[in-house]
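Subject: Handover of a structure and of the findings

Dear colleague,

Please find the sequence and the structure below. I would be grateful if you would read the notes that follow with the structure open beside them.

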Amino acid sequence: MKVKALIIATMVALVGNGCKTKDFLNINTNPNQLPTASPNYLFTNALNVTATNMLATNELGTYWSGQWSQGNGYIISTQQFAYQFTNGDFNYWDGYYDNLQDYQFVINNADANGQMFLKGPAKVMKAMLFQQLVDLYGNVPYTDALKGAAVLAPKFDDQKAIYESLITLLDEAIVDLKTNPFTGSFGTSDIVFAGNVTKWAQFANSLKMRILIRQSKVSGRDTYIKTEINKIVTQGSGFITGEDVGVGGASFYQPAAGQLNPIYDRWGYSETGAKRALNNYPRPTQFLINSLKASGDTLRMKRIAYATGGENANNPGVSTKAEIAANYSGTPFGASSGYLPANTSSVGPSLLVKGDFNRKFIIMTAAEVQFLLAEAKQRYSDVTLPNTAQVYFENGITQSFRVLGANTAGATAYKGSGIQNYDWVASTDKLTAIAIQKWIALTNFSGLEAWAEYRRTNLPVIPQSIQVPEATKRPLRLFYPNSEAGSNVANVAAQGTIDPFSTKLFWDVD
């Protein structure tokens with residue numbers, strides 16, 4: 001449990017309950033004993049921290065899936081673009097486990113505080129974060145984890161077993177959600193769905209689909225996957241449709257330092273509207289922009305990216321130059337010179353608009369869910385999902401247009417267009433079409449998922465980084481961080497020698 005988070009949450013609780021100054025200043029307390037935080041305050045803080053943590057993992061994934069590169073106004077990052085990294089780089093481990101401790105605290109203390117309705121959402125978030133840890137590192141502590149001082153050196157669990165356990169955890173979460181609706185004003189502590197347990201159950205089922213389809217190429221998993229999908233259908237809560245799962249929003253993010261949407265704060269603008277130093281850092285790749293142009297997919301391109309020259313400071317959300325295809329230019333992946341902000345496209349209005357500091361931080365899109373369902377139905381025609389793979393595929397494209405802010409009529413126009421990997425009937429390899437459309441749909445929103453899907457499918461066929469002479473050298477996972485290697489020596493050593501370019505995760509079979 002993070003001491004800082006506990007103290008902040010407790011202070012908020014005290015202020016919210018109108019504490020008296022003389023009580024607040026009372027020094028007759030034990031300074032060595034941590035205060036007890038109310039689960040609802042801690043849950044809100046945990047959700048906010050999740051968004052901040054995912055900002056970093058999504059950024060790395062967006063690069064390594066070939067969606068973004070680096071602007072040439074900066075010294076090239078050799079860790080990201082030359083793949084020269086060690087166990088001292090990309091330490092997402094500590095932040096994720098700190099965040100998981102908070103969710104576990106909520107799970108452990110919800111009943112005692114009369115806040116049973118928080119257990120289900122906390123379990124859903126716990127499952128999502130553990131899946132992301134597996135997708136980054138492989139085997140990780142799970143059954144021994146989150147036990148504080150009781151287990152200081154937790155053993156590592158097999159990654160495949162963790163995946164199965166997460167399905168069970170999500171089943172438990174749905175039971176909790178159906179049994180314990182939010183009461184009173186406590187829905188305000190839920191900055192994802194405002195206390196709507198039906199949507200939390202749909203999110204849980206959507207995460208199940210992500211976990212199941214990730215294993216679809218693993219030998220011997222078909223029966224298990226089909227059984228679990230059919231159980232979801234029978235359970236009846238459904239999936240996230242027509243809207244996205246996001247943290248925060250207009251009622252949470254504020255125009256003040258430290259209170260902005262994390263994406264806006266990092267790559268956009270300050271609370272006063274000043275452009276951030278990193279505004280020109282992420283650049284859509286040449287491969288992404290050229291692929292969209294080649295397919296006539298300019299409506300989404302104009303939402304994914306700004307035209308060269310960037311956003312018009314006097315007309316937020318609109319490019320400085322005319323928004324015609326000729327004015328959009330991507331940066332080759334890993335290029336270190338020749339592609340300056342003035343002559344390349346920047347990250348577009350689907351993600352960054354000056355003054356728009358209070359959007360939700362998206363953690364799962366409805367488009368991704370539809371493509372998961374499309375792949376499930378295409379691979380396993382006998383599962384009891386009600387629609388055809390074609391319907392799910394076409395819905396996925398429509399939802400991608402919607403979340404980007406593009407006119408969804410543009411998605412409808414692809415039906416019968418004959419364009420490979422856009423028109424379902426004309427596409428010669430349906431699974432390839434699904435993978436490529438999912439890659440497009442994940443752009444700007446879910447970089448970690450895009451990288452995981454690239455490792456699983458090897459699609460699309462993205463160019464190698466200019467910084468890397470070996471055409472086949474690609475990161476497949478991360479090293480265990482030196483913080484864990486130093487504090488949990490024996491259990492890290494038990495995982496054997498890790499080579500991030502050859503030690504594959506269990507679902508990466510090609």
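This is a predicted model: local features need pLDDT of at least 70, side-chain atom pairs count only at pLDDT 80 or more; totals for chains, interfaces and linings use all residues.

Which residues does glutamine 159 touch, not counting residues up to four places away in sequence? Glutamine 159 touches Val134, Gly138, Asn139, Leu505 and Phe506, where contact means heavy atoms within 4.5 Å. Glutamine 159 is found in helix α7, residues 159–179. Helices (H or I, at least four residues) and strands (E, at least two) are DSSP runs, numbered from the N terminus. Glutamine 159 is buried, with a relative accessible area of 10%. Buried means under 20% relative accessible area, exposed means over 50%, and partly exposed lies in between (1.4 Å probe, protein chains only).

Residues are numbered from 1 along each chain as its sequence is written, and side-chain values use heavy atoms, with hydrogens and water left out.

Helix α13

Helix α13 covers residues 366–379. The expected span of a helix is 1.5 Å times one less than its number of residues; for the 14 residues of α13 this gives 20 Å, and the end C-alpha atoms are 20 Å apart, which agrees. Among the buried residues are Glu368, Phe371, Leu372 and Glu375. The buried residues of α13 pack against α8, α9, β4, α14, α16 and α17.

Salt bridges

A search of the whole structure finds 26 salt bridges, each being a side-chain nitrogen of Lys or Arg within 4 Å of a carboxyl oxygen of Asp or Glu. In one of them, arginine 456 pairs with glutamate 375, and the closest N and O atoms are 2.8 Å apart. Arginine 456 lies in helix α17 and glutamate 375 in helix α13, so the pair ties together parts that are 81 residues apart in sequence. Both arginine 456 and glutamate 375 are buried. Salt bridges that share partners join these two residues into one network, whose members include Asp135, Arg210, Glu368 and Lys438.

Another salt bridge joins the side chains of aspartate 382 and lysine 226 (3.2 Å, N to O). Aspartate 382 is in the loop between α13 and α14, and lysine 226 is in helix α9, 156 residues apart. Lysine 226 is partly exposed, with a relative accessible area of 23%.

Helix α9 also holds glutamate 228, which is buried, with a relative accessible area of 10%. Not counting residues up to four places away in sequence, glutamate 228 touches Ile167 and Leu212.

The nonpolar core

In soluble globular proteins, nonpolar side chains tend to be buried together. A nonpolar core is a set of buried Ala, Val, Leu, Ile, Met, Phe, Trp, Tyr and Cys residues joined through side-chain atoms within 4.5 Å. The largest one here has 139 residues, of which Trp64, Phe130, Trp200 and Phe203 touch the most other members. Helix α6 (residues 119–137) gives the most to this core, with 11 residues. Leaving aside neighbours within four places in sequence, phenylalanine 130 is in contact with several residues, including Tyr97, Leu100, Pro141 and Leu166.

Yours sincerely,
A colleague
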